[in-house]
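Subject: Structure handover

Hello,

Here is the structure for your review. My notes follow below it.

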Amino acid sequence: MRLRVEFTTEPFDLDEAPAHAVVAREVIQSAELDAVDVGPFGNTAEGGADAVLTAVDALLRESLAAGATRVSLQVNVIGETGEGAK
């Protein structure tokens, strides 16, 4: 199954990205995901279920450890993976 995760971390800082946001971005960008879109107010990533769930676990653990006081996320099933897909 393929999943899409959308997430934000807080607190926000409009002047520069806080440490927890930088960590979240690094976790998602280094994960084995098929599509990643990182922006200042929202982030999305897509991939196979195992890859997305592993990335979400790391995202939660590492961004909270880096000072996030809130992580909002939504996970949606967007389809089935074919044979040989991630």
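Which residues are linked in a network of salt bridges? Arg-2, Arg-4, Asp-34 and Glu-46 are. A salt bridge here is a side-chain nitrogen of Lys or Arg within 4 Å of a carboxyl oxygen of Asp or Glu.

Ground rules before the details. This is a predicted model, in which local features need pLDDT of at least 70 and side-chain atom pairs count only at pLDDT 80 or more, while totals for chains, interfaces and linings use all residues. Residues are numbered from 1 along each chain as its sequence is written, and side-chain values use heavy atoms, with hydrogens and water left out.

Salt bridges

The structure holds five salt bridges. Arg-2 pairs with Glu-46, with the closest N and O atoms 3.3 Å apart. Arg-2 lies in strand 1 and Glu-46 in strand 3 (residues 43-48), so this pair ties together parts that are 44 residues apart in sequence. Helices (H or I, at least four residues) and strands (E, at least two) are DSSP runs, numbered from the N terminus. Both Arg-2 and Glu-46 are buried. Buried means under 20% relative accessible area, exposed over 50%, and partly exposed in between (1.4 Å probe, protein chains only).

Arg-4 also forms a salt bridge with Glu-46, and here the closest N and O atoms are 2.9 Å apart. Arg-4 is in strand 1 and Glu-46 in strand 3, so the pair ties together parts that are 42 residues apart in sequence. Arg-4 counts as partly exposed, at 28% relative accessibility. Glu-46 counts as buried because its relative accessibility is 19%.

Asp-57 and Arg-61 meet in a salt bridge at 2.8 Å, N to O. They are four residues apart in helix 2 (residues 49-65), so about one helical turn separates them. Asp-57 is partly exposed, with a relative accessible area of 36%. Arg-61 counts as exposed, at 58%.

Largest pocket

The largest pocket holds about 330 Å³ of space. On a 1 Å grid over the protein atoms alone, a pocket is an open set of points where a 1.4 Å probe fits, with protein on both sides within 12 Å along at least five of seven lines; lining residues have an atom within 4 Å of a point. The volume is the space filled by probe spheres set on the points, which are joined across faces, edges and corners.

The lining has 20 residues, and Ala-17, Ala-21, Gly-39, Pro-40 and Phe-41 lie nearest the pocket centre. Helix 1 gives the most, with five residues. Strand 1 and helix 1 each supply at least two. By type, the lining divides into 12 nonpolar, six polar and two charged residues. Ala, Val, Leu, Ile, Met, Phe, Trp, Tyr, Cys and Pro count as nonpolar, Asp, Glu, Lys and Arg as charged, and the others, Gly among them, as polar.

Surface and loop

Phe-12, Leu-14 and Phe-41 make a nonpolar surface patch of about 400 Å². Such patches take residues with over 30% relative accessible area and no salt bridge, with nonpolar side chains (Val, Leu, Ile, Met, Phe, Trp, Tyr) joined within 5 Å. Areas come from the Shrake-Rupley method with a 1.4 Å probe.

Phe-12 sits in the loop between strand 1 (2-10) and helix 1 (19-30). Phe-12 is partly exposed, at 47% relative accessible area. Glu-16 lies in the loop between strand 1 and helix 1, and counts as exposed at 57%.

Best regards

Conventions. Patches are made of residues with over 30% relative accessible area and no salt bridge: like charges are joined within 9 Å, nonpolar side chains (Val, Leu, Ile, Met, Phe, Trp, Tyr) within 5 Å.
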